Amino acid sequence: MTSATRSSVIGTLVILTVPVVLALVISEALGIRVVDRIATIFCINLVLVLGLQVFMGNSGILSFAHVGFMGIGAYASAVLSMPLQMKGMALPELYPIVKAIEISPYLGMVVGGLVAAGVAAAVSYPLMRLSDAAAVITSFALLVVLHTIMVHWHQMTNGPRTLFGVQSATTLYIAAGVAILMIFIALIFRESRTGILLRAARDDEVAAGAIGTNISNMRWRGFVLSAFMAGIGGALWAHFITSFSPNAFYLKETFVILGMLVIGGAGTVSGAVLGAFVVTAAFELLRLIENSINLSGVLPTQLVGLTEIALACAMIGILIVRPSGIISAREVAFPDALRRYLPGTHFTRPKQSRSADEGGTQ
Amino acid sequence: MRQDSLQARGVSVEFAGLRALDGVSLEVVPGEILGLIGPNGSGKTTLVNALTGQVPIVSGDVVCAGETITGEIPRKIALLGIARSFQIVRLFGNLTVRENVETAALAKGLPRREADARAEELLDEFHLNQSADTLGDALNYGDKRRVEIARALASEPRFLLLDEPAAGMNETESDTLLDMLAMLPEKRNCGMLIIDHDMPLIMRLCHRLHVLASGRTIAEGDIDTVRQHPAVIEAYLGSDAKAADHHA
């Protein structure tokens with residue numbers, strides 16, 4: 001990475017941290033439980049959206065399987081970190097070996113990410129040879145497979161029923177810390193060798209092949225990293241919500257995560273952050289409105305599903321007006337004038353072009 | 001036939017039973033510029049596509065520096081040192097010009113620092129540093145062409161195949177390009193094959209010519225031999241040949 005790229009990555013990181021820090025500060029200042037909850041949800045959503053951006057944004061291939069890996073991370077971490085005395089009640093059929101294990105939920109989050117990445121690494125290689133519609137449909141098939149396994153693997157997941165007794169461990173500070181780390185990872189990946197070649201293949205597959213890019217291998221790497229981030233996001237969520245069923249990792253969640261990324265702009269990390277922020281805020285606001293209307297009894301019937309419909313409409317609107325999202329191709333950048341104040345970078349003037357005659361040919 | 005050259009040996013290509021190339025043999029030697037010419041639909045682009053693995057070959061062989069690469073996938077062929085540009089420019093539209101050039105060096109497996117340095121060098125050489133941070137999609141047509149050639153060179157190819165590099169350029173642009181291309185083979189010790197319809201450009205640039213018509217070789221050799229070849233005059237050059245005479 002050139003020093004110019006490095007300093008622009010740091011600049012972008014600084015800007016993108018703002019919404020996360022803002023959520024943290026507001027929550028601390030107000031000290032209201034519900035605000036703390038919303039801020040934490042935002043950070044968890046952000047981790048999931050960033051995970052999806054790493055694969056989808058750079059490869060240009062829509063992946064439906066993402067929340068399946070979120071589920072893997074959630075169950076892996078929840079089960080492994082469950083207190084021994086809880087395991088007998090919550091998961092009576094659990095395998096004896098797993099029954100004897102109790103790890104810290106924080107270690108569980110890392111393990112959850114690794115398990116999700118491991119599963120992705122093992123199953124996805126053949127899928128990465130596919131492009132366009134075939135790739136999207138197979139990723140959807142993969143989600144169905146993962147969901148079906150979660151629903152039927154009684155020993156590990158308690159089947160279709162809710163799994164209780166998951167340790168509560170995700171605080172706002174942890175979620176925010178992980179979210180900032182993931183912003184950093186997503187930015188670095190985008191500028192890495194794999195990231196650049198993946199984006200090249202996204203823009204033109206034939207040309208990328210003609211310069212010698214191993215496209216399926218690049219996609220595979222992106223997919224595995226994406227699953228790792230989804231797994232960690234799932235584990236964060238599991239230790240926040242503390243009881244859940246496999247249905248939490250299916251179409252509804254897919255739509256929410258996808259909606260955030262599409263609205264913000266899949267091609268950039270900035271878009272992922274913006275999308276997660278805007279949509280989470282809009283969701284909570286709409287829910288508030290929905291609840292107030294229902295409580296006040298203005299309408300003869302109860303109002304339901306306002307949030308989903310609003311997200312769907314927003315998605316349609318964005319796709320019509322700006323098909324590649326609000327922030328499409330370029331990351332938000334630190335203003336040049338302020339860049340010198342960034343930590344760890346020394347500001348260099350952009351090299352002056354020596355070809356003054358160049359302008360004349362336009 | 002030389003050991004270090006890129007060769008097509010009796011290559012045939014079919015599209016839905018239709019023969020697009022019929023037993024064409026051609027050789028590109030390091031250090032030379034070979035012009036591949038012929039009327040529209042004569043199979044020039046198809047031949048380049050066959051050499052780089054973009055279309056399947058029905059019969060015949062492609063040999064690069066003694067190694068048979070018939071039927072290899074484009075990626076393998078690229079890594080063996082055969083780079084190309086496309087008739088319709090194929091840039092990475094959402095990557096900056098710098099990144100576009102860098103990709104080829106990265107795909108080849110160069111360490112990041114070296115790939116950066118090489119990209120910087122090529123941007124200088126092709127007078128592209130002013131637009132180094134512009135996205136590929138935002139460039140004008142002539143600049144896109146130059147970026148594509150710079151990108152092909154970033155992999156340090158042994159053979160460079162250019163499909164109408166000057167198409168869509170104005171006269172000044174194409175003159176500048178010609179000067180740059182003329183020096184490439186010697187400077188970078190690569191063999192170059194160039195397709196173009198601009199006869200004066202081809203005549204000034206190329207050391208040798210290879211003429212296709214209806215998927216077959218009808219003439220090859222140095223410029224004068226080809227220019228006076230009756231089959232060429234009839235099939236293709238016609239009045240253009242005389243026009244080129246006046247220009248030369």
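Helices (H or I, at least four residues) and strands (E, at least two) are DSSP runs, numbered from the N terminus. This is a predicted model, where local features need pLDDT of at least 70, side-chain atom pairs count only at pLDDT 80 or more, and totals for chains, interfaces and linings use all residues. Residues are numbered from 1 along each chain as its sequence is written, chains are lettered from A and ligands numbered from 1 in the order in which they are written, and side-chain values use heavy atoms, with hydrogens and water left out.

**View 1. A nonpolar patch on the surface of chain A.**

**View 2. Where chain B meets chain A.** On this interface, 38 residues of chain B are in contact with 31 of chain A (heavy atoms within 4.5 Å). The buried area is about 3,000 Å², with carbon and sulfur atoms giving 51%; that's the accessible area (1.4 Å probe) that two parts lose on being put together, summed over both. B:Arg75, B:Phe92 and B:Arg112 supply 19% of what chain B buries against chain A, more than any other three residues.

**View 3. A salt bridge between the chains.** B:Arg90 and A:Asp204 pair up through their side chains at 2.9 Å, N to O. A salt bridge is a side-chain nitrogen of Lys or Arg within 4 Å of a carboxyl oxygen of Asp or Glu, and the count between chain B and chain A is two.

**View 4. Salt bridges inside chain B.** B:Asp22 meets B:Arg216 at 2.8 Å, N to O. B:Asp22 sits in strand S2 (residues 18-28) and B:Arg216 in strand S10 (residues 216-222), so the pair ties together parts 194 residues apart in sequence. B:Asp133 and B:Arg98 also form a salt bridge, their closest N and O atoms being 2.8 Å apart. B:Asp133 lies in the loop between H4 and H5 and B:Arg98 in helix H3, so this pair spans 35 residues of sequence.

Technical notes. Patches are made of residues with over 30% relative accessible area and no salt bridge: like charges are joined within 9 Å, nonpolar side chains (Val, Leu, Ile, Met, Phe, Trp, Tyr) within 5 Å. Accessible areas come from the Shrake-Rupley method with a 1.4 Å probe; for residues, only the protein chains shown count as cover.
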